[in-house]
Amino acid sequence: MTGDLQTAEVILCCGRGLQNKSNFHLALQVADCIQAQITGTRAAVDLGWIPANREIGLSGARVAPQLYIGCGVSGTNFHIIGMKQAKKIIAINTDPLAPIFQIADIGIEADVGKVLLALMNTFSEKNPLHHPSVDELLTFFVDYHATNFEKIRGSLSGR
Ligand SMILES: Cc1cc2nc3c(=O)[nH]c(=O)nc-3n(C[C@H](O)[C@H](O)[C@H](O)COP(=O)(O)OP(=O)(O)OC[C@H]3O[C@@H](n4cnc5c(N)ncnc54)[C@H](O)[C@@H]3O)c2cc1C
């Protein structure tokens, strides 16, 4: 894992909610496919997935990318202080009460493994050499949200 976090357009942040190494490896593949810098919470560092110099938060790096994608991140204050300057925040979490949803532009209440797989399939199938822009990624999340949640719970966007 290399690459400057301060100049990164897209940051994918791994949290404990990824649950296992297989999902973590999927997150690495997705990051490669969408040209995101990979980072993590303190929990992901403690699990040995992410090196300490890529932890985001009070005791880690503070970043301001165009797009932050939190994967199984709860969003404690210790973490949020490091990423709240992101222009757009996507949160994927199974817990509707996860604090990160309070600051997310798009909150996806779902299993992170499923969402990452859909993301991977969408962009690797299109053209493996084409890396999506921030706008294309936002469109994916808006569409994913609308397709999977709108009919059940009404619009959740804008949280
Ligand atoms: C002094 C101090 C400084 C700290 N500094 C930092 C810091 O700089 N950065 C930092 O990150 N932390 C820091 N921490 C730790 C911080 O308090 C949290 O413990 C940590 O951020 C939690 O990481 P997490 O969100 O990955 O894990 P958790 O809080 O355990 O959250 C995991 C989330 O994953 C969700 N989830 C579970 N299964 C799934 C699934 N299948 N799909 C989707 N979601 C799922 C859960 O609902 C949960 O919300 C600090 C703590 C202290 C005391």
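User: By class, how many nonpolar, polar and charged residues does the shell around the ligand have?

Analyst: This is a predicted model, in which local features need pLDDT of at least 70, side-chain atom pairs count only at pLDDT 80 or more, and totals for chains, interfaces and linings use all residues. Residues are numbered from 1 along each chain as its sequence is written. Ala, Val, Leu, Ile, Met, Phe, Trp, Tyr, Cys and Pro count as nonpolar, Asp, Glu, Lys and Arg as charged, and the others, Gly among them, as polar. Here the shell has nine nonpolar, 14 polar and five charged residues.

User: Which of the 28 residues around the ligand come nearest?

Analyst: Gly15, Gly17, Arg42, Gly57 and Ser74 do. Helices (H or I, at least four residues) and strands (E, at least two) are DSSP runs, numbered from the N terminus. The largest share of the shell, three residues, is supplied by α2.

User: Which residues of α1 are buried?

Analyst: A residue is buried if 20 or more other C-beta atoms lie within 10 Å of its own, exposed if 12 or fewer, and partly exposed in between, with C-beta atoms placed from the backbone. In α1, the buried residues are Asn23, Phe24, Ala27, Val30, Ala31 and Ile34. Viewed down the axis of α1, they fall within an arc of 115 degrees and so line one face of the helix; the arc is that of the directions from the helix axis to the C-beta atoms. An α-helix has 3.6 residues a turn, so residues three or four places apart point the same way. The exposed residues Lys21, Ser22 and His25 lie on the face of α1 turned away from its buried side. Just after α1, Gln35 has a positive phi of about 60 degrees.

User: Which members of the largest nonpolar core touch the most others?

Analyst: Such a core is a set of buried Ala, Val, Leu, Ile, Met, Phe, Trp, Tyr and Cys residues joined through C-beta atoms within 7 Å. Of its 47 residues, Leu12, Cys13, Cys14, Cys71 and Ile90 touch the most other members. Among the elements giving two or more residues to this core are β1 (10-14), α1 (21-34) and β3 (67-71).

User: Is Ile106 buried or exposed?

Analyst: Ile106, in strand β5, has 20 C-beta neighbours inside 10 Å and therefore counts as buried. By contrast, Gly48, in the loop between α2 and β3, has 9 such neighbours and so counts as exposed.

Notes: Near = placed C-beta within 6 Å.
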